[in-house]
Every structure is written in C-alpha cells, then in structure tokens.
Amino acid sequence: ASFTISLRKVDNTTVMIKLRPGVSPSCHIRIKSVIRSELNIKPGENVTFSFTCSTPDKYFTMEIQKNIDCVSGPCPFGDVYLYPPRLPRLNRTYIWDVKASTKAGLELKFSAPWLRQIESGETCPDFISYNINSCIDKATVNIGTFCRNGSVSRVKLLGGVIMSLHLPWDSPLTTSGFNIANRASIKRLCIIESVLEGESSITLMSPNYPLGFPEDELMTWQFVVPSSMRASVFFHNYSLSNCERKEERVEYYIPGSLSNPEVFKLSDSQPANIAGSFNMSLQGCDQDAQNPGILRLLFQVIVQHPQLDENVTHLVDLSKERNMTVTIHFEGWPGHIPLMSEPICLICKDPRTCDRILTLASGTVYRISFLCKDLSRLRITAEKVISCVDLWRCQRKIYSLSVPKAIMQLPIRLHKFIWKLLAPDLINIEITSPSLKLQQHVPEQKCNMSYSYGIVSATPERELNVGVFCPGGSIEKIQMRNNITISLKTFGKGFINVSNHQDLKMSFVPHIKDECTFTVSPNPKAKVYLQTPNWPYGLPPYVSISWYVVVPSKQIARLGFSKNRMGIACETGRAYVNIKEETLGAEETVRREDELLPDPRNMYHNFWVNISNCKPVDRTQLTLQFWVAFADRQIDLGIILAVVAGAGVLVAIGLTVCCVKKKKKKTQNPMVGVYNANVNTQMPGKKGLFTKGRQNNESHVYAVIDDAVVYGHLLMESNGSIAPEVDVYRPFEGRIGSSPPSPPPFSFRKDIKCSSNTEEESPPLTDTDLDTYTFAHQKSGQLEDNGDANEKDKGGTSVPLLENKKQDGLVE
C-alpha cells in the first residue's frame, strides 16, 4: 500500500520516518523508484511513498513535531489535535514545542481520565505515555512522565514547554487529550494540580526525578480534596543536596491552619489527617559548586474517609521500660507492601502525625489513635535488649521475658516480641521456665499452642538455631554460651488469654563447657522427644550439646535413639555420643560415628546424654533425635531381703570398727598398714546371689596410713593365677555427675565393637570417675553390685569402684 502525507506550510509541522534503533534494514521506504532507509517531510511538502515489506511497524518509527510560537504571536488556545491524519500504522511520537516567555507561563489542561505520574523507565499498561518538559531560557527540566487514568488534571509551567505523546502503532487514540488553557505568570518552576475524588492513593515525584531537582528552584503541588475526606502525606524516597545558602524544605498551606505556611524538613514526619484541599511546595537551595549533591523526592498522598474512632486514644506507657522499641505496622511488613487500591491503616501519635508504620521508644508515654476501618490488619513487633558487662553485678538478677502489659492492652494483635540477650566472653546465658517448662517442637511432638519461642545462639562467626519451643513440656533449663535471640511468635488471637501466665526467665551465669546444655525434668510416665539443634540442617562442626535428664523417684527411664547410626563420616576429629548415669561407679557408654548407637536401655538414675560433632567429609551434618519414656520401678522381695541383710552386716561392721578404735587408743603400735589377704570377702548367705564388691567390704581398710604403706600379696584368681593391678592416684575433682560426660582423650579411647554377639570393652574412666584410692579388679564371672540397680551396657564388662577410707567413714 502507498501513503500520501501532505503538510501545509502554515502548520509548521515536520514528519520524520526512520529505522528503529538496533533493527537490521530488511525493510525500506520506496518513493517512486528510489529506495530509502528514512524519510523527512517538511512543511509545505506533499510526498507519496510505500514500504518494501508487509510489516513496517517492526522496522520503522515516526516522529511528528509541531512548533508553536506564543512569544511573537497569539497562542493557539484550546484543544491540540493529532495532525496530520491518515498516517501509516507505525509507533509514533507527537511533539509540541511551545515557545513562551518566562513572564507568562503556560497552563496545560488534561481531559478526563487525567494523568498518573510514573518513574523513569516504567511502562504504561496501554503503552500510551506523556512526557512534559519545561524550557527556561536554554535549560530543559523534565517535569515528569505520565500515563493515562490518574489524578493530574493541570500543569502550569514557567516559560516554554515541550510536550510529547507516545502512541503504539495499533493505538486507536485520535485526540491528544490536552489543551493549552491559559497564560499566567506563576513565579516558580511549575504547579501540578491533582484532583482526588473519594478514597484513593497517588504517587508523585519532583521534577528531573531521580536525577535531581534544579538548584534554588521552587515548585508546588495543589491537591483538590473533598472537604469530607482526610488526606495524609508520606515521603518514601528522598535525598538532599549540599547547600551553601538557604535550606531545603517543604511548605504546606492548609486551610484553617493557624501557622500557614507550615514548614517541614524532608526528614520530618509529614502532615496527616488533613481535612480538605491543601498545597505542598518544595524549595531547593544554593548548592555547593564543587559537590552539589542531589535533591529529589518521591512521595505518596492517601485520601480516605474520616474514621469513627479517630478521636479515641490509647495510652501506651513505656516510661519504665529500657532498651525496648515497639513497632505498629500493617500485616506482612516489611516484606509485603499493600497495593494502592487496598484500604490504608494509619497510626497517629497526634491528630496530624500519622503513618502506616509507627515506632515507639522506651522511656516515653504515648497516646495513639488509629485511622483504620479494620484493626485486624495491624500487627505489633517489639524488641528488647538485655546485656551484661560485669558478671558480679548481674549474675544474681533474674530477668522476666514477658510481654509488657502496656503492649497487650492495645487492640492490636502481637505478632512477634524479640529479646536480644548480650553477654561478653566467659559470661553465659541461662533460660528457665520453672512452672510451665518448655517443649521442643519436633515432628513427633508438635507445638499447638497460641505462641512459641524461637531460640537462636549466635557469634560473629556462626549462628546456631537452637530450635522452636512452646510451654507445657519437660525442658526446665537451657544454658548457652553465646549471645541469644529469643523470638516469641503468636498464632491467632489466643495469646491474649494466656499472656498473663508467661513463665520464661533468664539470668547470666559463669562459663559453661558445652555450646548448649538442656536440663530435662519430665513428668512421670511421660514420653519426651529431643533432637539436636539446627534441625534439620545439622550441628555445626565441633559443636558439643548435652542433655541432663532427671529421672523421677520410683521411676525407670527408657532411653532410645530414633536411628541406629549417626549417619556421617568425619574428615577431622571424631563424633561421639556419650551416655552416663549420675551415680557412684556408673559406667559411661561411648559410641563413635562409625559405630552403632546403643539399643534402648533402662536408666535408673538421673543421666547425661552428650552429642559432640566432628567436621564431616561432605555436606551431610549430624542430626540426631532420641526419646525418653518412663515407667514405675518394680521392687521384688529378693531385693528387699538383700537390703535388710546388708543393713545387718553394716551394723556388725560398725560395732567392730568402734572396738578397733578403742583398742587403738590404748596401744602404741608402729604406724604400719598391712594388707590382709585372708579376710573373707564374701557375704554370708546363698552363694552367688548379690555378690559383694570390694568397695563394700573391709579388706582394703587401714587403721593408719603413714608415709610407708605395705601391701600384701594380691588376691588369687579362681584358676590360681595372679592378675596384677596398678593403683593410680587421681585427684578428686568434685561431686560425681556434676558435669556432662565428655569424649575421652584420643590417647585413652578404646575401640568399641557394636555387635551384640561379642563382648564390649567399656570405655576407660575419666579423672572425675575415680576416687582418691581405687582398686579395680574383678574375678571372672563375678557379678557387680554396688548397691545401685544400674543397667550395664550390653555385652560390656564393669569395673567396681572402691571408696576411700574417708567415704567409708571408718577413719577419723
């Protein structure tokens, strides 16, 4: 098809067709027999042409420019038309370059549905956009880029204007959508009028955004708002230039205000809850020539109906709180930003200071109100910092980790309360829940309460997610070595009913050995599931965690693991599971990462479970879960008779000792101790029942221990051979069981075979397992009974401990 474009000279219009940038010239323009890649038609010319392809819109664009002189001649007021008609269907840009004096500015008026300002680079939904530039002398300022369907109804500009309209090739638009309405001196860069009808929200930007507002310029936005509505202004993005003189500021003219104009800094909270129409002006300054900086502003104006409860205030007394902040925000903050079409909830510190997000600081009393139809869309997030610098001053203090009543009295749901517990090196943190206790959230026992605690232990090098906990469990105490963050998170509205019964407390304690230690005190007949921190990602390398489980009296604890192996291979170091009862002479069960974990076993006393990680060879980390179940302890008649018989023997021994002591005082025998090998070490009665270890007889008791100690020959084994033992002095390091078991040093560890068909060799005792004087030996086939019904490790041999003479009470 061919096209004819005829331009009248008086129209002062130029048409240019040119190739789109970056497109190969596969299509051309044909004028008679001449082939061209572009076409420029000037005023007064008449040109007929065609294209060498069927889809010229893919290769060419069109630019139509009309020059209008409002300086030397009359200005053509009224509607601006799209001229010339019947143009090819190409993407086209209409440009109106209007020359005007700075003493007589121009006013552009837009027809409905008016315009909406967008950021540079943003695209309009229908691909139709307007661009307005102001021309002052030789300087050009970009007032902004606009789409259709907005609130901007008029723009007044100082000096000339370059108006551009961009239309896609298939646009049905036949009118420009604006007219030149008037000429008037405005004595400022521009005035933008925005008409807001009903509840709405608009976003506007300063000229040249984001490149920077012109130096020492002044512009104004006029907002037309119904008197029955309320408007609020919010600055979302701004920057300041470096001023040599004056000061950058925002001025408001609010009808009925007693201090017009009201002046604000860009960093201030802007006016809110404004009744009716108002003006807002942006004033620049004289900038530093060497380092001018950038003044720019992007802001939002929200218009809504007045709320029935806007005069209802809520007292929030934070005067007695320290190091705490309270933020009231909309649901989903900060990740979710409400759409412009959604109803807006505003929180006000006073009738004119409102925002969608309000932060309250401790040490102050606030009276707040809400401009919101639905308060259920608002949430509260609070944060409190508790720190300790000197352990001597703060270790006796117990801090309550509960939500202050001032927060719970607000008609808004608490979303999260965060406690940041800070302690320097060698000062650790202890968390307790004396009455409610805590339950660890695990797949077998999920938290279904109205709230839960997320506990994270952190150092500058790494972070350890201890786990999620809720009240009503068995964990009485948690001790951690590093700074701690505890996040209380609520679910639903039920937290209001239980907020007065919070039971979480913390204190600062001296340095602990492991990364984290749990004290578990279950209820009788309860089954408790516990798992390693950082689940399911695994313990960090070289981290050691301990659990101290309290076994109720007259109860037996059944301990078992959820899997039979740790499931890792170590690159450096070894991973261990240590189990030990807190009783005299108790054996310590140790398993490495390459061995089977212990089968379920009975524990008759309080016990420790320690899990220590190595550095795994791959990304698989150590994750372990174990359970503890309780049952009543069964006592049979044989045990009762044995106890009675044992008590009788102890009475007889006591009488004998008293006689020996009296005789000793009368004699002056030399201070020599002789080991008596002929003493009968077997308890009278039925042979083989509850055989007695040497720790309970008197064969090792000395009347006096002096510098020289003489030992007799060792006891003969049943086969007549001598099994020599070496007695080693080891210093006593405190009450047995006062600290969790730890993996033995590498040089003292013995390999432990996990097959149930072979005998296991028990791991060597640590220093804290041995008393001051200890002889360890046992005849083949002899059963061990130290007075406690300890279950032995499957297939293992036990080593009885003999108490020193002071513990027997036989020597003063």
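This section describes the strands, cores, cavities and selected contacts of a predicted model. Residues are numbered from 1 along each chain as its sequence is written, and side-chain values use heavy atoms, with hydrogens and water left out. Because the model is predicted, local features need pLDDT of at least 70 and side-chain atom pairs count only at pLDDT 80 or more, whereas totals for chains, interfaces and linings use all residues.

The protein chain contains five helices and 56 strands, where helices (H or I, at least four residues) and strands (E, at least two) are DSSP runs numbered from the N terminus. Of its 812 residues, 46% are buried; buried means under 20% relative accessible area, exposed over 50%, and partly exposed in between, with a 1.4 Å probe and protein chains only. Among the contacts in the protein chain with a separation of 6 or more, 81% are between residues 24 or more positions apart, a contact being heavy atoms within 4.5 Å.

Strand β17 (residues 190–195) is mostly covered, with six of its six residues buried. In a regular strand the side chains alternate between the two faces of the sheet. In β17 both faces are covered: C190, I192 and S194 are buried on one side, and I191, E193 and V195 on the other. Two strands are taken as paired if DSSP finds at least two bridges between them. Strand β14 (residues 152–157) pairs with β17 in the antiparallel sense over five bridges, and K156 stands opposite I191. Strand β19 (residues 218–224) runs parallel to β17 and is joined to β17 by five bridges; the bridge partner of V195 in β19 is V224.

T220 is located in β19 and is buried, its relative accessible area being 3%. Leaving out residues up to four places away in sequence, T220 touches R188, N279, M280 and S281, together with C190, I191 and I192.

A separate open sheet has four strands in the order β18-β27-β20-β24, with antiparallel pairing. The edge positions are held by β18 (200–205) and β24 (274–275), each of which has a single partner strand, so one side of each is left without a neighbour in the sheet. Strand β20 (residues 230–241) pairs with β24 over two bridges, in the antiparallel sense. R230 has A275 of β24 as its bridge partner.

In soluble globular proteins, nonpolar side chains tend to be buried together. A nonpolar core is defined here as a set of buried Ala, Val, Leu, Ile, Met, Phe, Trp, Tyr and Cys residues joined through side-chain atoms within 4.5 Å. The largest such core has 83 residues, of which I486, F508 and F518 touch the most other members. Beyond four places in sequence, the contacts of F508 include I386, C388, L391, Y399, L422 and I429, as well as S387, Q395 and N428. Another core, of 80 residues, lies apart from it and has L87, A100, F146 and L266 among its members.

Cavities were identified on a 1 Å grid over the protein atoms alone, as sets of points where a 1.4 Å probe fits but cannot get out; lining residues have an atom within 4 Å of a point. Grid points are joined across faces, edges and corners, and a volume is the space filled by probe spheres set on the points. There are 12 cavities of 30 Å³ or more. The volume of the second largest cavity is about 70 Å³. Its lining comprises 13 residues, and Q117, I118, G144, T145 and Y209 are the closest to its centre. Strands β11 (115–118) and β13 (139–148) each supply at least two lining residues, and the largest share, four residues, comes from β13. The lining consists of five nonpolar, seven polar and one charged residue, with Ala, Val, Leu, Ile, Met, Phe, Trp, Tyr, Cys and Pro counted as nonpolar, Asp, Glu, Lys and Arg as charged, and the others, Gly among them, as polar.

C447 lies in the loop between β38 (438–440) and β39 (451–458). C470, in strand β40 (residues 463–471), is buried at a relative accessible area of 2%. Outside four places in sequence, C447 is in contact with Q439, H441, F469 and C470. The contacts of C470, counted likewise, include K437, L438, M449 and Y451.

Methods
1 Å grid on protein atoms, 1.4 Å probe; cavity = no way out; pocket = protein on both sides within 12 Å on 5 of 7 lines; lining within 4 Å.
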